[in-house]
Amino acid sequence: MLLLEIVSPEGHLFKGGVTSVTVPGIDGEFQMLNNHANIVSVLAKGNIKVEVPDFATNTEFSTKFMKSEKDKKFLLPIQSGTLELKDNRIIILVD
């Protein structure tokens, strides 16, 4: 399982174990699964899609996430950001 942390200037939006994360990279959308190769990327405007068994976030930020009925993922709209994945730990800084 991947450990995901999403941080914005407002605070920590999410931290927990996830099955997969899909992000809007500047060259197109891409997905990360368990044991993905290490990567650093700049993110474009779009949605971060999080597949998680039990979704829990700080109640202060819960309204920022939407649930996709189509594929049962949680969506977080972003304007831009950066991502680092190393050793199954993803840190995403968003605007």
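I began with asparagine 34, which lies in the loop between β4 and β5 (39-43). I took strands (E, at least two residues) and helices (H or I, at least four residues) as DSSP runs, numbered from the N terminus. I noted that this is a predicted model, in which local features need pLDDT of at least 70 and side-chain atom pairs count only at pLDDT 80 or more, while totals for chains, interfaces and linings use all residues. Residues are numbered from 1 along each chain as its sequence is written, and side-chain values use heavy atoms, with hydrogens and water left out.

**Asparagine 34**

I then listed its contacts (heavy atoms within 4.5 Å). Leaving aside neighbours within four places in sequence, asparagine 34 touches Met1, Leu2, Thr19 and Asn88. I also looked up leucine 4, which is 30 residues from asparagine 34 in sequence and 11 Å from it in space, C-alpha to C-alpha.

**Asparagine 88**

Asparagine 88 is buried, at 19% relative accessible area. From asparagine 34 it is 54 residues away in sequence, yet the C-alpha atoms are 6.2 Å apart. Outside the four places on either side in sequence, I found asparagine 88 in contact with Met1, Leu2, Leu3, Leu33, Asn34, Asn35 and His36.

**Strands β3 and β4**

I checked how β3 (residues 20-25) meets β4 (residues 28-33): the two run antiparallel and are joined by 6 bridges. Strands pair if DSSP finds at least two bridges between them. A hairpin of 2 residues connects β3 to β4, and threonine 22 stands opposite glutamine 31 in β4.

**The whole chain**

I counted 10 strands and 0 helices in the chain. The radius of gyration is 12 Å, close to the 12 Å that the globule rule gives for 95 residues, so the chain is as compact as a globular protein of that length. The radius is taken over C-alpha atoms, and the rule is 2.2 Å times the number of residues to the power 0.38. The C-alpha atoms fill a box of roughly 30 × 25 × 25 Å along the principal axes. Of the 95 residues, 41% count as buried. Among contacts between residues at least 6 apart in sequence, I noted that 58% join residues at least 24 apart.

Conventions:
Buried means under 20% relative accessible area, exposed over 50%, partly exposed in between (1.4 Å probe, protein chains only).
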